[in-house]
Every structure is written in C-alpha cells, then in structure tokens.
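Here is a short briefing to read with the sequence and the 3D view open side by side. Take a moment to look around before going on to the points below.

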Amino acid sequence: VSTQSTWDVERFQLMQFVIPNRRVERAFKKDGKWAVASLDKTTNANLEEVYDCLVVATGTHAKPKWPQLKGQDVYKGKIEHAGYYRGAEAYKDKTVVVVGAGETAGDIVWELSKECKKVILSVRRGAFVIPRWNKQQNIPSDFDTCRVRFCPPTWVHSRLIHFADWLSGKRQRKDAEYEVSNHFMNTLGCDPLDSFSTKTSLFTRSLATGAAEEKPEPLELTENGIKFVDGTCADVDVVLLCTGFQANFQFLEGAPHCPSCLYNRVFSPELGSSVAWVGFARPSIGTIPVLSELQARWAALVFKGERRLPEPKTMLKLINKHETMLKRQFAHYDRLKTVNYVESCDRVADEIGCRPNFFSLLLTAPSLVPKVIAGPMCGFAFRLNGPGARFDYAAEILKAMPVSFPCTRVSFHILTNWFFFPMLFLRNPKISPSNTLF
C-alpha cells in the first residue's frame with residue numbers, strides 16, 4: 001500500500017495540493033458550493049475557502065471510544081485508551097489489563113507480555129483469529145481474500161470454515177497456540193464471519209506460554225484493581241482499553257450521524273452528489289485500502305458528472321435494505337463500519353463499471369481468470385476494464401501474484417459452492433441487496 005501510494009503521489013504530482021499544518025474547523029454550504037473554515041497552525045490565522053466538491057476522508061479511527069466502567073471514579077490506577085499507546089516500555093514491570101480482542105489488543109498483549117510483570121486479556125466474547133502468515137501455503141493471509149472462497153453467503157462460508165478447522169485439527173498436530181485459537185472461536189462462542197476477525201495470532205503465543213492470562217469482561221473497578229464477571233479479581237496498575245474508535249465528522253454541517261446512513265457508505269441522500277465519504281467502510285475480512293480506492297474512483301466520476309446517483313428516496317430505500325441485510329449477516333454488527341468485503345467492492349465497482357468481466361477474460365486472457373477468481377482481492381483486478389483501466393499494467397501485476405488456493409482446494413470450493421458460484425459472473429450496474437446473495 002505504501003509503495004503504491006508513493007507511486008501515485010509522484011506520478012500525479014499530488015504534493016502540490018497537500019496543505020500541511022491546517023486544521024478544518026467547519027464545512028458548510030455557501031451559494032451552492034462548500035465553504036471550508038480552517039485554522040493555519042503556522043500563522044494562527046483563520047481562513048475560509050470555497051470548493052465545488054468535498055471529500056471527507058478523516059477515517060474510522062478519528063475518535064477513541066471510551067466505555068464507562070463501573071467504579072472508575074474510585075480506581076487509583078490509570079485508565080488509558082489504545083489510541084494513545086506508543087510502546088510497551090512505558091508499562092515496564094507493571095500489571096496491565098487489556099480490554100478487547102481485536103487486532104490492536106492482540107498486538108499490544110504480545111508486546112506487553114515481554115515487558116510487564118503481568119498481562120491480563122479481558123474479552124467479552126470469542127474471536128475468529130487469523131494469523132498474518134499462512135504457514136501451510138507460506139504466503140500472507142491477505143491472499144485468502146479471494147472470490148472463490150467468499151462467493152457463498154456468510155452462513156455457508158462459516159460452516160465451511162468450521163469444517164476445515166475440524167479437519168485440520170484431525171490431520172495436524174495440535175500445539176498450544178492452536179488450542180488457544182480454537183478456544184477463542186469455539187469455546188467462547190464466535191461464528192467465524194459474524195463480526196470483525198482478529199487478523200493477528202501473536203497474542204495466542206503469549207496466552208499459550210503463560211506470559212499473559214485470559215479473563216472474561218470486566219464487571220467493575222475497585223480501588224486498586226478490577227473485578228471480572230466470573231467473580232475473580234486482580235490488582236492492576238493500568239487498564240488499557242482496546243475498545244475501538246468512532247468516526248467523527250461533526251465539522252460538516254448537515255452530516256449524517258454515522259456512515260451506515262450513506263449510500264454504499266459514500267454519498268448522503270440529503271447532501272447530494274457534491275460531497276463524498278471515502279474510507280468509512282471496514283470489511284469483516286479484507287482490507288480497507290482496496291475498497292477506499294474504489295470509493296474514491298466512484299466519487300471522482302460522480303463529481304465530473306460521468307455517473308449519476310439515484311433519487312434521494314431510492315437511495316434511502318436501498319440504504320435500509322442494505323442495513324437489514326448486514327444485520328442478518330453479522331450477529332455482532334457494528335453499524336458504524338462493518339461491511340462484506342467482496343460484496344462491497346463489487347457493489348461500488350458496478351457503479352463505476354469496472355467489475356471484472358469474467359466472460360470477456362475467458363475469451364481474451366484466460367490465464368487471468370484463476371488469478372482474479374482464486375487470487376487476492378486487490379485493486380488491480382478492478383483496473384482490467386471500465387473507466388481508469390490499465391489492462392496491460394494490471395495484468396502484469398495480477399500474473400505475478402500467487403493463487404491463494406492450490407487447484408485441489410479451488411476445485412473443492414467450487415464443488416461445495418456450486419449453487420453460489422455463478423454469482424461470480426453476474427454483472428448488474430444497479431446491484432442492490434434485493435438481488436444479491438451476499
């Protein structure tokens with residue numbers, strides 16, 4: 001991502017448009033355009049500039065989410081949020097309880113276990129733990145985000161994951177780390193795809209070796225420690241909250257209260273086509289940059305007048321249908337960000353007109369078909385056709401990428417998903433929740 005971003009900045013000479021040390025205070029409509037009031041931190045001057053269009057790209061991690069813990073007013077230790085974590089050295093020889101089971105919590109537990117006197121991981125429910133590196137295939141786990149694996153509905157895919165986990169447990173030697181991961185998914189109760197997955201497994205090593213201890217969710221804080229819902233207590237010096245973040249775009253006049261109120265998480269029915277949100281959709285499994293790139297491409301086409309949005313009433317209707325679908329799909333649905341990766345990419349790609357055309361690829365470049373279907377879901381797959389296409393360059397990159405599954409596993413997934421596999425080939429420029437299986 002860093003290399004691609006640097007390449008884009010240099011090729012399009014974007015640095016001339018970047019204004020550092022500027023804080024946006026307010027954005028509001030003025031004579032049919034957008035006025036942006038900002039503070040220049042260098043000169044301390046208040047400025048106001050007018051633009052035709054506006055892109056909100058402040059991200060989903062703009063504002064830490066602080067839960068209210070019972071007894072925190074009497075607790076004498078420190079209560080901190082992971083958003084301000086800068087390294088394990090600050091917690092050397094201390095007892096720390098980490099609240100949460102996401103990627104941030106997992107990485108922090110791994111780091112703290114090497115410096116702290118004692119580390120406790122407090123989790124409310126289980127998590128689907130995905131190691132960053134696939135030892136079986138010797139590739140990064142990101143390469144598992146392929147269409148052939150994610151084409152069926154979530155409930156079907158979840159059953160396949162449970163079956164594969166059971167089968168691998170029968171065939172492979174069960175080490176301590178495997179047992180911890182299995183405990184998080186099965187014993188603590190977590191369907192693999194009903195919420196965000198935890199895309200790091202280093203913390204399981206800390207738990208397996210005893211360098212960290214697992215506890216249930218907190219019940220209350222005491223004067224010198226914490227009490228958990230199972231009745232156990234512990235004296236702790238620091239409570240480190242890995243409880244997530246929330247989007248913050250209160251500076252924008254008339255902005256919706258959360259990203260789920262946006263059409264495809266990009267456009268507001270009330271504010272129209274002159275303002276777009278980019279980067280406010282977090283896939284349960286998958287990467288934010290690929291989806292954000294598609295959102296940015298779509299926004300640019302809409303701003304230029306080359307794509308039109310549905311009527312506001314139609315957008316509201318589709319938003320409600322989409323939210324209903326996501327609530328059915330994710331048992332632990334976070335309406336602020338959670339989306340299905342493949343479905344969301346294809347949904348925006350259909351608006352752009354750049355969704356891969358598999359029938360065309362079969363005729364013109366058959367060697368790319370397994371790369372697009374069984375390879376990682378990356379932005380280059382959406383550069384093969386449509387606006388902004390760079391077929392030769394994208395094809396070169398895709399051919400260099402490994403297929404995430406060997407032929408036997410691809411065949412297995414196609415056979416087990418035979419009913420849903422045709423969804424890979426469906427192309428609908430106005431795809432909506434009512435005509436998709438995702």
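This is a predicted model: local features need pLDDT of at least 70, side-chain atom pairs count only at pLDDT 80 or more; totals for chains, interfaces and linings use all residues.

**Helix H2 and its cover**
- Helix H2 spans residues 103–112, and its buried residues are Glu 103, Ala 105, Gly 106, Ile 108, Val 109 and Leu 112.
- The cover over these buried residues includes helix H6 (202–209) along with strands S7 (95–99), S8 (118–122), S15 (238–241) and S19 (282–283).

**Gln 295 in helix H7**
- Gln 295 lies in helix H7, which runs over residues 288–303.
- Its relative accessible area is 1%, so Gln 295 counts as buried.
- Leaving aside residues up to four places away in sequence, Gln 295 has contacts that include Asn 264, Arg 265, Trp 277, Phe 280 and Val 348.

- Strands S12 (residues 218–221) and S13 (residues 225–228) pair in the antiparallel sense, with 3 bridges.
- Leu 221 has Ile 226 of S13 as its bridge partner.

**Aromatic rings**
- The structure has 7 aromatic pairs.
- One of them joins Phe 249 and Phe 280 edge-to-face, at 5.5 Å centre to centre and 85° between the planes.
- This pair links distant parts of the chain, 31 residues apart.

**Charges over rings**
- The charged end of Arg 26 sits over the ring of Phe 28, 4.1 Å from its centre.
- Arg 390 likewise has its charged end over the ring of Tyr 393, 4.6 Å from the centre.

Key:
Residues are numbered from 1 along each chain as its sequence is written. Side-chain values use heavy atoms; hydrogens and water are left out. Buried means under 20% relative accessible area, exposed over 50%, partly exposed in between (1.4 Å probe, protein chains only). Helices (H or I, at least four residues) and strands (E, at least two) are DSSP runs, numbered from the N terminus. Contact means heavy atoms within 4.5 Å. Two strands pair if DSSP finds at least two bridges between them. Rings of Phe, Tyr and Trp (its six-membered ring) pair if their centres lie within 6.5 Å; planes under 30 degrees apart count as stacked, over 60 as edge-to-face and the rest as tilted. A charge sits over a ring if NZ of Lys or CZ of Arg is within 6 Å of the ring centre and within 35 degrees of the ring normal.
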